[in-house]
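Subject: Structure handover, with notes

Dear colleague,

I am passing on the structure we spoke of, and I would be glad if you could read the notes below with the model open beside them.

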Amino acid sequence: MITEYLEDRWPKMSEETAQQRAAVRLFVERFNAAMSYMALLRADEGSEAEAEAREALVAGMKSVDAFLLEYADAQGPFFFGDNFAMAEEACAPFALRLWHVLPAMRPQHSPAALLEEHKLDRLKAWLEAVVERPSVKATAMAPDEMVSSFASMVERMKAMAATAK
């Protein structure tokens, strides 16, 4: 919602068509829904739940890659080519956590390796461009702090689940 307010207040998307603006909003929704890795972190290593969560993440990655291939600028790396815009602004915090937290806590499920394994080149280029953008890095929590925070949160969630049984 904040990014939409900013776009309304200081429109840089005004040059885009209504169809392109709609595609960005759909992309943001798809990315946030499809790229969830929390189930992987919450699952016991080697469990069926972990395997299912990995498959769900890979399916989500494939869906987002296909969306980028169909609706985003083919030259990339961002949704609108070289222009870092609302799609990236809205997804950057989630992309950063995916990129740093998942491989630190579950190295066998590294997003970079999964993207490479499944040949999801458009999504890989997009994610790398987003997480390496200087403004994203400058405004984000340090990766080690991000990982520590998530590790504590996952432990609390597992403890709550264990007491609820």
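Predicted model: local features only at pLDDT ≥ 70, side-chain atom pairs only at ≥ 80, totals over all residues.

Residues are numbered from 1 along each chain as its sequence is written, and side-chain values use heavy atoms, with hydrogens and water left out.

Overall fold

The protein has nine helices and zero strands, where helices (H or I, at least four residues) and strands (E, at least two) are DSSP runs numbered from the N terminus. Its radius of gyration, taken over C-alpha atoms, is 17 Å, close to the 15 Å that the globule rule (2.2 Å times the number of residues to the power 0.38) gives for 165 residues, so the protein is as compact as a globular protein of that length. Along the principal axes, the C-alpha atoms fill a box of roughly 55 × 30 × 30 Å.

Of the 165 residues, 41% count as buried; here buried means under 20% relative accessible area, exposed means over 50%, and partly exposed lies in between, with a 1.4 Å probe and protein chains only. The accessible surface, from the Shrake-Rupley method with a 1.4 Å probe, comes to about 9,300 Å², and 55% of that surface belongs to carbon and sulfur atoms. Among contacts (heavy atoms within 4.5 Å) with a separation of 6 or more, 78% are between residues 24 or more positions apart.

The nonpolar core

A nonpolar core is taken as a set of buried Ala, Val, Leu, Ile, Met, Phe, Trp, Tyr and Cys residues joined through side-chain atoms within 4.5 Å. The largest one has 49 residues, and those that touch the most other members are Phe27, Phe31, Tyr37, Phe79, Leu123, Trp126 and Leu127. At least two residues of this core come from each of α2 (18–34), α3 (38–42), α4, α5, α6, α7 and α9 (143–164), with the largest share, 11 residues, supplied by α5. Leaving aside neighbours within four places in sequence, Leu123 is in contact with Met35, Met61, Val64, Asp65, Leu68 and Leu115.

His100 lies in helix α5 and is partly exposed, with a relative accessible area of 23%. Beyond its neighbours within four places in sequence, His100 is in contact with Pro143, Met146 and Val147; the C-alpha atoms of His100 and Pro143 are separated by 6.1 Å, although the two residues are 43 apart along the chain. Ala140, in the loop between α8 (134–139) and α9, is also partly exposed, at 26% relative accessibility. The C-alpha atoms of Ala140 and Ala92, 48 residues apart along the chain, are separated by 9.2 Å.

Two backbone details to look at

In the loop between α4 (48–71) and α5 (86–105) you will find Pro77, which is joined to Gly76 by a cis peptide bond with omega about 5 degrees. Lys119, in the loop between α6 (111–117) and α7 (121–132), has phi near 55 degrees, a positive value in a residue other than glycine. Lys119 is exposed, with a relative accessible area of 64%.

With best wishes
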